[in-house]
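Here is a short briefing on one protein model. Keep the sequence and the 3D view open as you read.

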Amino acid sequence: MPFDKLVALLAEGVRDTLYMTTVSTLFAYLLGLPLAILLVLTAPGGLRPVPLLYRVLDVVVNVLRSVPFLILMILVIPLTRLIAGKAYGSTATIVPLVIAAAPYVARMIESSLREVDPGVIEAAQSMGASIPAIIFKVLIPEAKTSLIVGATISTGTILGYSAMSGAVGGGGLGQIAISYGYNRYQMDVLLITVVLLVVLMQIIQVAGMYISRKTDKRIRE
């Protein structure tokens, strides 16, 4: 493959990969955050325990997290076509990416919120704080550093999912690696796409860890 065409192909792959990862992460958090809050609130010992609702949500999250991503992509093809108008390409891949990532994100957020010192929550309750106030003015601010670390891990996971989607026409670097590197035996293209994916993952990791350190009160103190 001529060098200029290879560069253009890889640039398009990086663009599509970042597009899928960014948009999917955004929508995964839009769905995962309220789900995580519900799990924390309704859990036994939570601020508003509702055991039945908690068990239902817990099972749904666990089931969705248990389905391998490539199988999930195939299962939701009808829904993908309904929402995106087609079942292939970077935009269409966002649908299964969000479905796969939202439960994972919910668990990450739930874990972070549960790390908050119960004494802080009790102090807020003793002052008459409402449930929304406790969630948005106590739980989330206190768990900020852990939430940022979780977001870093989640974004990296979604990046990995986006690469896997290339196996079924998902677009991005994953599809380039499979279509050109594997199917056409162009090992140089395959290696370059792997390197680019590793670089993107490292950028996400370094940026996320830097931000988390800046927000960690223990380090500043």
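**A partly exposed glycine**

Gly-119 has a relative accessibility of 34%, so it counts as partly exposed. Its place is in helix α6, which covers residues 118-126. Bear in mind that this is a predicted model.

**Gly-119 in space**

- Gly-119 and Thr-42 are 77 residues apart in sequence.
- In space, the C-alpha atoms of Gly-119 and Thr-42 are 19 Å apart.

**Ile-134, a buried residue**

- Ile-134 sits in helix α7, residues 131-142.
- Its relative accessible area is 1%, and buried means under 20%, so Ile-134 is buried.
- Which residues does Ile-134 touch, not counting residues up to four places away in sequence? They are Leu-47, Ile-121, Ala-124, Gln-125, Ala-129 and Leu-139.
- Ala-123 is 11 residues from Ile-134 in sequence. From C-alpha to C-alpha, Ile-134 and Ala-123 are 10.0 Å apart.

**Two nonpolar cores**

- How many residues does the largest nonpolar core have? It has 30 residues.
- Leu-113, Ile-134 and Leu-139 have the most contacts inside this core.
- Helices α1, α3 (69-75), α5, α6, α7 and α8 are the elements that give two or more residues to this core.
- The largest share comes from α5, with seven residues.
- A second, separate core has 13 residues. Among them are Val-14, Ala-163, Ile-176 and Leu-200.

- Thr-17 has its place in helix α1.
- Is Thr-17 buried or exposed? Its relative accessibility is 1%, so Thr-17 counts as buried.
- Leaving out residues up to four places away in sequence, Thr-17 touches Leu-159, Ser-162, Gly-172, Leu-173, Leu-197 and Leu-200.

**The buried side of the story in α9**

- Helix α9 spans residues 172-182.
- Its buried residues are Gly-172, Leu-173, Gly-174, Ile-176, Ala-177, Tyr-180 and Gly-181.
- What do the buried residues of α9 pack against? They pack against α1, α8 (144-164) and α10 (187-215).
- Two of these buried residues, Gly-172 and Leu-173, are also touched by Thr-17.

**How α1 meets α5**

- Two packed helices are described by the angle between their axes and the distance between the axes.
- Helix α1 runs over residues 3-42, and helix α5 over residues 90-114.
- They pack at an angle of about 40 degrees, with their axes 5 Å apart.
- That angle makes α1 oblique to α5.
- The crossing of α1 past α5 is right-handed.
- The contact of α1 with α5 has 22 nonpolar, five polar and four charged residues.

**How α2 meets α5**

- Helix α2 covers residues 51-66.
- The axes of α2 and α5 cross at roughly 125 degrees and come within 9 Å.
- That makes α2 oblique to α5 as well.
- Is the crossing of α2 past α5 left-handed or right-handed? It is left-handed.
- On the α2 side, the contact involves Tyr-54, Asp-58, Val-61, Asn-62, Leu-64 and Arg-65.
- On the α5 side, they meet Pro-103, Tyr-104, Arg-107, Glu-110 and Arg-114.
- By class, the contact of α2 with α5 holds five nonpolar, one polar and five charged residues.

Notes:
Residues are numbered from 1 along each chain as its sequence is written. This is a predicted model: local features need pLDDT of at least 70, side-chain atom pairs count only at pLDDT 80 or more; totals for chains, interfaces and linings use all residues. Side-chain values use heavy atoms; hydrogens and water are left out. Axes are lines fitted to C-alpha atoms, for helices over the stretch in contact, and angles run from 0 to 180 degrees between N-to-C directions. Helices (H or I, at least four residues) and strands (E, at least two) are DSSP runs, numbered from the N terminus. Angles under 35 degrees count as roughly parallel, over 145 as roughly antiparallel, 65 to 115 as roughly perpendicular and the rest as oblique. A crossing is left-handed if the near helix is turned anticlockwise from the far one by less than a right angle, and right-handed if clockwise. Ala, Val, Leu, Ile, Met, Phe, Trp, Tyr, Cys and Pro count as nonpolar, Asp, Glu, Lys and Arg as charged, and the others, Gly among them, as polar. Buried means under 20% relative accessible area, exposed over 50%, partly exposed in between (1.4 Å probe, protein chains only). Contact means heavy atoms within 4.5 Å. A nonpolar core is a set of buried Ala, Val, Leu, Ile, Met, Phe, Trp, Tyr and Cys residues joined through side-chain atoms within 4.5 Å.
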